[in-house]
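I opened my notebook to look up a few things in one structure. Here is what I wrote down, entry by entry.

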Amino acid sequence: MARSQAAGQKMSREEAGRLGGRATSKNHDRSFYQMIGKKGGEATSDAHDSDFYKEIGRKGGEATSETHTKEFYREIGRKGGSN
């Protein structure tokens, strides 16, 4: 039984989500997650235009630049250039 339930309290959303995720992972294999990921990607693509993707790309780039050094970009540049 979950900790919070044993103490007579309601289960938190975080705990419920964690337990649900574990149960789902026990019942489904990799192909299930690939299928729902594909469906989610297609639904997002249908619901948004190119400006949406430009904006989330910009935000992601800014977040990455705040947490990584120039050496990180050199390394990924080397990896990308070698393919």
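**Terms and ground rules.** I call a residue buried under 20% relative accessible area, exposed over 50%, and partly exposed in between (1.4 Å probe, protein chains only). This is a predicted model, so I take local features only at pLDDT of at least 70 and side-chain atom pairs only at pLDDT 80 or more, while totals for chains, interfaces and linings use all residues. Residues are numbered from 1 along each chain as its sequence is written, and side-chain values use heavy atoms, with hydrogens and water left out.

**Overall layout.** I looked up the elements and found 5 helices and 0 strands. Helices here are DSSP runs of H or I with at least four residues, strands are runs of E with at least two, and both are numbered from the N terminus. Read from the N terminus, the order is α-α-α-α-α. The radius of gyration is 20 Å, well over the 12 Å that the globule rule gives for 83 residues, so the chain is more spread out than a compact globule. The C-alpha trace spans about 55 × 35 × 25 Å along its principal axes.

**Surface.** How much of the chain counts as buried? I got 4% of the 83 residues. The chain exposes about 7,300 Å², and carbon and sulfur atoms supply 53% of that. Accessible areas come from the Shrake-Rupley method with a 1.4 Å probe, and for residues only the protein chains shown count as cover.

**Salt bridges.** I reminded myself that side chains of opposite charge can pair when their charged atoms come close. The rule I used asks for a side-chain nitrogen of Lys or Arg within 4 Å of a carboxyl oxygen of Asp or Glu. By that rule I count 7 salt bridges.

I went to helix H5 (residues 70–81) for a closer look. Glu71 has a salt bridge with Arg74, with the closest N and O atoms 3.2 Å apart. Why are these two separated by about one helical turn? Because they sit 3 residues apart in helix H5. Glu71 also meets Arg78 in a salt bridge, at 3.0 Å from N to O. Glu71, Arg74, Glu75 and Arg78 are linked in a network of salt bridges. I checked the cover too: Glu71 is partly exposed at 39% relative accessible area, Arg74 is partly exposed at 46%, and Arg78 is partly exposed at 47%.

Next I checked helix H4 (residues 50–67), where Glu62 and Arg58 are 4 residues apart, so about one helical turn separates them. Their side chains meet in a salt bridge of 2.6 Å, N to O. Glu62 counts as partly exposed at 39%, and Arg58 is partly exposed at 39% as well.

**Aromatic pairs.** A pair of aromatic rings is described by the distance of the centres and the angle of the planes. My cut-offs: rings of Phe, Tyr and Trp (its six-membered ring) pair if their centres lie within 6.5 Å; planes under 30 degrees apart count as stacked, over 60 as edge-to-face, and the rest as tilted. I found 3 aromatic pairs in the whole structure. One of them joins Phe32 and Tyr33: the centres are 5.2 Å apart and the planes stand at 80°, so the pair is edge-to-face. Phe32 is partly exposed at 22%, and Tyr33 is partly exposed at 36%. For Phe52 and Tyr53 the centres are 5.1 Å apart with planes at 80°, so this pair is edge-to-face. Phe52 is partly exposed at 27%, and so is Tyr53, at 36%.

Met35 is in helix H3 (residues 30–47) and is partly exposed, at 42%.

Where is His28? I found His28 in the loop between helix H2 (13–27) and H3. At 33% relative accessible area, His28 is partly exposed. C-alpha to C-alpha, His28 and Glu62 are 36 Å apart in space, and 34 residues apart in sequence.

Terms used: The radius of gyration is taken over C-alpha atoms; the globule rule is 2.2 Å times the number of residues to the power 0.38.
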